[in-house]
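Subject: Two-chain model, handover and findings

Hello,

Here is the structure you asked about. My notes on what was found in it follow below.

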Amino acid sequence: MTRLWKRWESVLVVLLVAICAVNSVASPYFLDVHNLFDSTAAFTEKAIVALSMTLVIIGRDIDLSVAAIIALCSTAIGWLATLGVGSFGLVAAGLVVGTAAGACNGAIITRFRIQALVVTIGTMSLFRGISYAVLGDTAYTSYPEGFDQLGQGALWGLVPYELLVFAILAIAFTIAVHYTVIGRRLFAYGSNPDAARYSGIAVDAHRFWFFTINGTMSGLAAVLLTSRIGATRPNIATSWELDVIAVVVLGGVSILGGSGSLPGVILAVFVLGMLTFGLGLMNVPGIMMSIVTGLLLIVAIAAPLVIRRIVPRRV
Amino acid sequence: MRSPLRGARRGPASRREAALVAIIAVLVVAISIRAPVFLSAGSLDTLITDGGILAMMALVQMLALITGGVDLSIAATMALVGMVTALVSRAHPDLPVVLTALLALGLGAVLGAVNGVLIAAVRMPPIVVTLGTMSLYRGAVFLVSGGTWVNAHEFGPGYLAFPTSRTLGITHICWIAAAVIAAGYVLLGHTARGRELYALGGNRSAARYVGIRESRALMRVYCLTGLVGGLAGYLWVARYAVAYTETALGFELQTIAACVIGGVSTAGGKGRVLGCLLGAAFLVIILNSLPMIDVSPFWQMAISGAAILGAVIVNSRAEATRRKAVRLAGSPEAPR
């Protein structure tokens with residue numbers, strides 16, 4: 001199993017190198033340090049949610065409501081900003097609302113024993129619906145002085161703060177999942193929930209907390225996104241949940257739970273990000289990315305299955 | 001073999017359906033007191049036409065859910081088929097409706113077969129496959145149309161006229177939906193092919209041991225969702241007289257919502273045509289009545305979300321109570 005994952009990550013590395021090579025040949029603007037760092041802004045918020053989504057998916061669940069949580073948090077941030085709350089208050093509000101929304105998912109799923117897919121389809125409508133009910137066809141566009149620094153600022157004018165936040169979280173999540181007992185428990189109940197329960201793991205408590213963390217990360221993504229684009233409309237981050245799940249699955253996490261690795265997901269973030277950036281430089285319209293993402297998702301999962309069928313098993 | 005299975009299924013499911021009928025009745029009475037226009041012929045006509053498309057799509061979604069899968073790509077299939085038929089109609093305005101319908105069915109079936117091959121032959125999880133094809137088909141709409149719209153005056157006359165014209169006062173969209181639903185009822189309740197699906201969703205390995213061919217059954221299910229999705233795509237575009245990249249965006253979630261409200265289990269093995277229809281009726285009544293009772297349409301999404309959550313929580317409570325009752329009574333197989 002381990003060998004297989006190592007192999008999957010090396011496929012991703014090769015893919016990433018190939019994409020960067022093609023991009024730098026196709027466009028003279030690709031290999032520019034400023035451009036490269038700038039381009040990460042387009043995917044770091046999704047990448048932050050992908051980290052916690054990885055935990056949810058390894059645990060045999062799924063969360064379709066993350067984009068709706070982003071919309072809800074962004075609405076809360078915008079509303080509080082009109083009341084004159086300062087930047088720190090807005091950041092805190094985004095995190096709190098996101099955490100509460102995630103906890104709401106987790107509580108319904110574990111308390112009533114309902115499939116995560118169904119619950120998060122419901123909360124997805126509910127959370128984004130609240131944004132629509134509050135905003136209608138209007139938008140929040142005024143934020144306190146300095147709030148835009150979070151999403152638009154950069155360390156030494158080069159490394160975006162967003163990317164730094166993602167890097168720190170990526171390291172933290174990798175350690176938590178692959179080097180702590182919490183991570184071991186996650187893989188245990190992800191591959192066999194019954195066995196895990198009988199061996200004394202509080203499965204539902206873990207699932208609850210991972211949904212809550214997923215909410216917190218969505219709240220953080222909402223803070224960064226709102227700060228970066230400086231406006232909240234109810235359709236903000238529409239269908240991001242699919243991009244996030246696609247990244248996680250592309251990163252080698254099994255949608256059936258129980259296996260996957262964070263380094264794989266982090267690599268997949270950059271594979272998709274650099275691909276999008278390259279296509280953007282070549283003036284390919286944004287919606288074409290959805291074809292590429294869809295194809296990549298299917299091919300990435302189908303290829304190993306087909307190869308395993310054709311090539312006889314070598315033990 | 002069939003009667004004990006049915007007996008076991010009848011109890012809680014029909015009770016839940018009766019409750020849903022009662023809720024819908026209360027809803028209709030409440031809405032019509034507040035806004036009598038709700039019961040006018042025009043409003044009811046809109047309601048059953050919208051409801052017809054939702055109900056037929058919820059029905060095929062239910063087929064996928066019963067086998068323990070899901071089809072997230074149906075709305076994108078509708079959009080792509082709708083756009084292709086619209087473009088063909090723009091290029092050849094005199095194309096007979098029969099050919100348009102055949103094109104819609106054929107293209108829909110091909111798109112469904114792509115899902116089917118990946119799920120049944122390659123053995124990928126349905127949620128991943130249909131997530132992928134959903135992006136793919138939605139992007140393809142943009143690709144074939146170049147991002148342009150096909151507007152009302154560009155369609156051939158027959159294209160728009162047939163689905164919205166009437167027989168016995170009811171739109172052809174409704175008649176087609178009724179035919180699809182009747183076919184679904186016969187398939188699920190009265191054919192071996194249909195019963196197989198419950199067996200597959202209920203216990204996959206048991207189904208395999210009794211000789212049910214899993215891959216053929218799954219292939220059939222996803223071809224069917226594509227086939228009906230293609231037809232519904234044509235009907236949708238004809239009804240609203242416009243085709244664009246975002247046609248029916250998010251509709252897949254409404255079909256799942258209708259199923260879940262109607263008591264279809266997303267874990268597989270459970271779901272009835274009547275429940276599915278009631279779920280679709282509930283959803284379409286709520287969504288269509290909001291403007292009439294002076295609620296901003298911007299509340300639509302929040303209310304349907306709350307309705308889905310309410311329905312699944314009520315379902316799960318009923319389920320838990322039943323399990324408890326069974327435990328208290330003692331399992332029939334347990335020695336006394």
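Does B:Trp236 count as buried or exposed, and at what relative accessibility? B:Trp236 counts as buried, because its relative accessibility is 17% and the cut-off for buried is under 20%. Please keep in mind throughout that this is a predicted model.

Aromatic pairs

The structure holds 10 aromatic pairs over all chains. One of them joins B:Trp236 to B:Phe251 in an edge-to-face arrangement, with 4.9 Å centre to centre and 70 degrees between the planes. B:Trp236 belongs to helix α10 (residues 214-240) of chain B and B:Phe251 to helix α11 (residues 251-261) of chain B, so the pair ties together parts that are 15 residues apart in sequence. B:Phe251 is buried as well, with a relative accessible area of 5%. The loop between α10 and α11 of chain B contains B:Ala241, whose phi is near 55 degrees, a positive value in a residue other than glycine.

In chain A, one aromatic cluster is formed by A:Phe43, A:Phe166 and A:Phe270.

The interface

How many residues of chain A are in contact with chain B? The count is 41 residues of chain A, against 39 residues of chain B. The area buried between chain A and chain B is about 3,500 Å², and carbon and sulfur atoms give 84% of that area. Across this interface the rule finds 0 salt bridges. It finds 1 residue pair in polar contact, with both residues at pLDDT 80 or more. On the chain A side, α5 (87-111), α6 (116-135), α12 (240-250) and α14 (288-310) each supply at least two of the residues that touch chain B. α6(A) gives the most, with 14 residues. The residues of chain A on this side divide into 29 nonpolar, 8 polar and 4 charged.

B:Thr133 is in contact with a residue of chain A. Leaving aside neighbours within four places in sequence, the contacts of B:Thr133 are A:Ile298, B:Ser73, B:Val114, B:Asn115 and B:Arg138. B:Thr133 lies in helix α5 (residues 126-145) of chain B and is buried, with a relative accessible area of 0%. A polar atom of the B:Thr133 side chain lies 3.4 Å from the backbone oxygen of B:Thr130.

Salt bridges

Over all chains the structure holds 14 salt bridges. Which residue of chain A meets A:Asp61 in a salt bridge? The partner is A:Arg207, at 2.9 Å from N to O. This pair links distant parts of the chain: A:Asp61 is in the loop between α3 (41-58) and α4 (66-82) of chain A, A:Arg207 is in helix α11 (residues 203-229) of chain A, and they are 146 residues apart. A:Asp61 counts as buried at 10% relative accessibility, and A:Arg207 counts as buried at 15%. Both belong to a network of salt bridges that links A:Asp61, A:Arg113, A:Asp204 and A:Arg207.

In chain B, the side chains of B:Arg90 and B:Glu154 meet in a salt bridge of 3.2 Å, N to O. This pair also links distant parts of the chain, with B:Arg90 in helix α3 (residues 74-91) of chain B and B:Glu154 in the loop between α5 and α6 (157-164) of chain B, 64 residues apart. B:Arg90 counts as partly exposed at 34% relative accessibility, and B:Glu154 counts as partly exposed at 22%.

B:Arg220 and B:Glu196 form a salt bridge with 3.8 Å from N to O. B:Arg220 lies in helix α10 of chain B and B:Glu196 in helix α8 (residues 192-202) of chain B, so the pair ties together parts that are 24 residues apart in sequence. B:Arg220 is partly exposed, with a relative accessible area of 34%, whereas B:Glu196 is buried at 14%.

Other residues in chain B

B:Arg123 is not a glycine but has a positive phi of about 65 degrees. B:Arg123 sits in the loop between α4 (97-121) and α5 of chain B and is partly exposed, with a relative accessible area of 42%.

B:His190 is in helix α7 (residues 172-190) of chain B and counts as partly exposed at 41% relative accessibility. The C-alpha atoms of B:His190 and B:Val221 are separated by 16 Å, and the two residues are 31 residues apart along the chain.

Regards

Methods: Residues are numbered from 1 along each chain as its sequence is written. Chains are lettered from A and ligands numbered from 1 in the order in which they are written. Side-chain values use heavy atoms; hydrogens and water are left out. Contact means heavy atoms within 4.5 Å. Buried area is the accessible area (1.4 Å probe) that two parts lose on being put together, summed over both. A salt bridge is a side-chain nitrogen of Lys or Arg within 4 Å of a carboxyl oxygen of Asp or Glu. A polar contact is a pair of N or O atoms within 3.5 Å; within protein, one must be able to donate a hydrogen and the other to accept it, and residues adjacent in sequence count only if both atoms are side-chain atoms. Helices (H or I, at least four residues) and strands (E, at least two) are DSSP runs, numbered from the N terminus. Ala, Val, Leu, Ile, Met, Phe, Trp, Tyr, Cys and Pro count as nonpolar, Asp, Glu, Lys and Arg as charged, and the others, Gly among them, as polar. Rings of Phe, Tyr and Trp (its six-membered ring) pair if their centres lie within 6.5 Å; planes under 30 degrees apart count as stacked, over 60 as edge-to-face and the rest as tilted. Buried means under 20% relative accessible area, exposed over 50%, partly exposed in between (1.4 Å probe, protein chains only).
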